[in-house]
Protein chains: 2
Amino acid sequence: MKKKPLILVTNDDGITAPGIRTLISVMNEIGDVVVVAPEGPQSGMGHAVTIDDALYCDAIKIDDGPQKEYNSSGTPADCVKLAVSEILDRKPDLCVSGINHGSNSSINVIYSGTMSAAVEAGVEGIPAIGFSLLDYSWNANFKPLKKYIKQITLSVIENKLPEGVVLNVNFPKCETFNGIKVCRQARANWVEEFDKRKNPRGREYYWLTGKFVNKDEGEDTDEWALANNYISVVPVQFDLTAHSFIKKLNSWDL
Amino acid sequence: MKKKPLILVTNDDGITAPGIRTLISVMNEIGDVVVVAPEGPQSGMGHAVTIDDALYCDAIKIDDGPQKEYNSSGTPADCVKLAVSEILDRKPDLCVSGINHGSNSSINVIYSGTMSAAVEAGVEGIPAIGFSLLDYSWNANFKPLKKYIKQITLSVIENKLPEGVVLNVNFPKCETFNGIKVCRQARANWVEEFDKRKNPRGREYYWLTGKFVNKDEGEDTDEWALANNYISVVPVQFDLTAHSFIKKLNSWDL
């Protein structure tokens with residue numbers, strides 16, 4: 001019998017979030033699971049790391065199951081670093097992050113703590129997948145996702161991801177899906193609408209709100225897939241070089 | 001006479017850092033300067049945005065010069081969003097971020113608050129450049145950089161960056177440079193070495209340290225350029241799709 005894969009599970013909504021509990025239950029069917037996740041919500045943390053502060057990371061038991069669990073005061077990226085360097089005896093065979101309560105499609109990938117954890121694992125040479133559901137509510141229905149998460153995870157273990165690539169998987173908010181689509185990241189951005197307020201002492205402050213604007217009409221994008229009830233799978237890289245612009249840039253008189 | 005460009009200046013070391021003061025002095029020679037920068041250090045913040053907290057942003061005067069200045073309680077990416085949405089009358093013609101005290105070459109680009117500000121501007125359709133010096137000290141010598149920063153900035157204004165691309169400019173720590181090199185991001189990563197300690201109450205905590213490991217022997221990388229006293233210029237994109245892997249991924253039985 002083959003050895004069970006060692007799977008690191010993390011997220012950005014905090015270790016008690018229903019999304020990560022669902023993900024843990026699926027991963028328990030596949031391998032030996034170690035959870036290292038933030039003690040509280042870390043949404044929108046991007047690829048933040050803690051360089052000027054102490055990091056706590058303690059063993060904890062949230063609910064039943066064979067998994068080992070640790071919660072940390074750090075960011076999602078910190079959790080992966082701590083897991084690899086301090087908690088695990090060996091490099092994990094896989095890192096999964098999520099299930100995020102809310103979308104990480106399109107440009108959201110760069111703000112996402114969930115995806116940053118997956119990217120951090122990728123940077124360290126660990127195959128990684130981020131899972132997200134387009135439903136921000138705490139009590140979102142994660143159940144219909146389970147068989148697809150298992151299927152995609154087994155596929156990654158079997159087929160192996162190339163170096164420098166992780167997967168960004170988003171689920172539309174619906175009961176049944178039209179299938180899985182491999183996509184590219186849609187060209188989109190947030191148009192900010194700050195809510196300007198005054199605090200009780202009269203000082204002005206802002207609260208970030210915004211509107212997501214999809215400028216991309218392509219039918220090969222994650223936004224298109226999700227709008228059409230498909231599960232979107234975007235291969236994500238962390239070589240940010242705009243290779244196609246290098247030749248032109250060399251023609252500039254810099 | 002042509003209208004002077006409107007230039008937004010930000011950073012991640014905080015509004016009083018010598019790096020941003022140098023950058024402001026150069027930009028004052030080129031255009032109308034508005035500074036919106038974090039009130040304190042935000043290094044390693046990656047592309048974090050503040051979604052669950054109040055954001056302050058107040059007019060301030062740090063030192064002489066024609067620039068308008070605002071300091072914010074937010075992250076570098078927040079500063080760009082606040083500037084564009086609340087502070088500026090019109091979309092800026094350029095956003096420059098830095099000069100960072102320390103390297104943002106290679107994989108550091110994904111952890112960098114400086115580069116995230118530039119990327120955030122790029123997402124919003126504003127030409128943007130991040131500048132960094134490979135010297136972490138507060139009293140680093142930024143003087144030799146000034147003429148190159150001016151030259152690169154004028155070149156960006158004249159030649160225009162394509163949509164979806166910003167520049168990541170790093171300076172080696174030396175008095176004279178061998179020139180400017182257009183590069184790709186080197187394949188490298190940090191190998192963590194957490195320092196495990198006990199707090200005064202006996203609870204264990206960790207402090208993140210690490211060793212930068214360059215796995216890339218290419219002479220077309222930013223790491224090579226910097227090691228050879230060249231100024232590195234990497235065009236950076238925020239479409240993270242690993243386009244080259246899409247065909248292969250479609251052949252998987254997902």
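This is a predicted model: local features need pLDDT of at least 70, side-chain atom pairs count only at pLDDT 80 or more; totals for chains, interfaces and linings use all residues.
Guide: Let's start in chain B, where N229(B) lies in the loop between α5 (222-227) and β13.

Visitor: Is N229(B) buried, exposed or partly exposed?

Guide: You count the other C-beta atoms within 10 Å: 20 or more makes a residue buried, 12 or fewer makes it exposed, and anything in between is partly exposed. N229(B) has 15 such atoms, so it is partly exposed.

Visitor: And what about N229(A) in the other chain?

Guide: Phi of N229(A) is also positive, near 65°. N229(A) sits in the loop between α6 (222-227) and β13 (231-237) of chain A. With 15 C-beta neighbours inside 10 Å, N229(A) counts as partly exposed.

Visitor: You mentioned peptide bonds too. Which peptide bond of chain A is cis?

Guide: Look at the one from G98(A) to I99(A), which is cis with omega near -10°. I99(A) belongs to strand β5 of chain A. In chain B, the bond from G98(B) to I99(B) is cis as well, with omega near -15°, and I99(B) is placed in strand β5 of chain B.

Visitor: Let me stay with strand β5 of chain A. How many of its residues are buried?

Guide: 8 of the 8 residues of β5(A), residues 94-101, are buried, so the strand is largely enclosed by the rest of the structure. To read its place in a sheet, look for bridges to other strands. Strand β1 (residues 6-10) of chain A runs parallel to β5(A), joined by 4 bridges; there, I7(A) has L94(A) as its bridge partner. Strand β6 (residues 128-133) of chain A also pairs with β5(A) in the parallel sense, over 5 bridges, with C95(A) opposite A128(A).

Visitor: Do strands β7 and β13 of chain B pair in the parallel or antiparallel sense?

Guide: Those two are antiparallel, with 6 bridges, and N168(B) is partnered by V234(B) in β13(B). Strand β8 (residues 179-182) of chain B, by contrast, pairs with β13(B) in the parallel sense over 4 bridges; V182(B) stands opposite V233(B). Strand β13(B) itself, residues 230-237, is mostly covered, with 7 of its 8 residues buried.

Visitor: Now a helix, please. Which residues of helix α4 in chain B are buried?

Guide: α4(B) covers residues 146-159, and its 14 residues reach 20 Å from first C-alpha to last, close to the 20 Å expected at 1.5 Å a residue. Its buried residues are I149(B), I152(B), T153(B) and V156(B). Seen down the helix axis, these fall within an arc of 100°, so they line one face of α4(B). On the other side, K147(B) and E158(B) are exposed.

Visitor: What covers the buried residues of α4(B)?

Guide: The cover includes α1 (18-27), β5 (94-101), β6 (128-133) and β7 (165-171) of chain B. Just after the helix, K160(B) gives you another positive phi, of about 65°.

Visitor: How many residues of chain A are in contact with chain B?

Guide: 61 residues of chain A contact 60 residues of chain B. The chain A side has 38 nonpolar, 16 polar and 7 charged residues. Because 98% of the interface residues of chain A are also interface residues in chain B, the copies meet through the same surface.

Visitor: Which residues does T241(B) touch?

Guide: Leaving out residues up to four places away in sequence, T241(B) touches R184(A), Q185(A), V234(A), P235(A) and V236(A). T241(B) lies in the loop between β13 and α6 (246-251) of chain B, and it is buried, with 22 other C-beta atoms within 10 Å.

Note on methods
Residues are numbered from 1 along each chain as its sequence is written. Chains are lettered from A and ligands numbered from 1 in the order in which they are written. The expected span of a helix is 1.5 Å times one less than its number of residues. The arc is that of the directions from the helix axis to the C-beta atoms. Two residues are in contact if their C-beta atoms, placed from the backbone, lie within 7 Å. Ala, Val, Leu, Ile, Met, Phe, Trp, Tyr, Cys and Pro count as nonpolar, Asp, Glu, Lys and Arg as charged, and the others, Gly among them, as polar. Two strands pair if DSSP finds at least two bridges between them.
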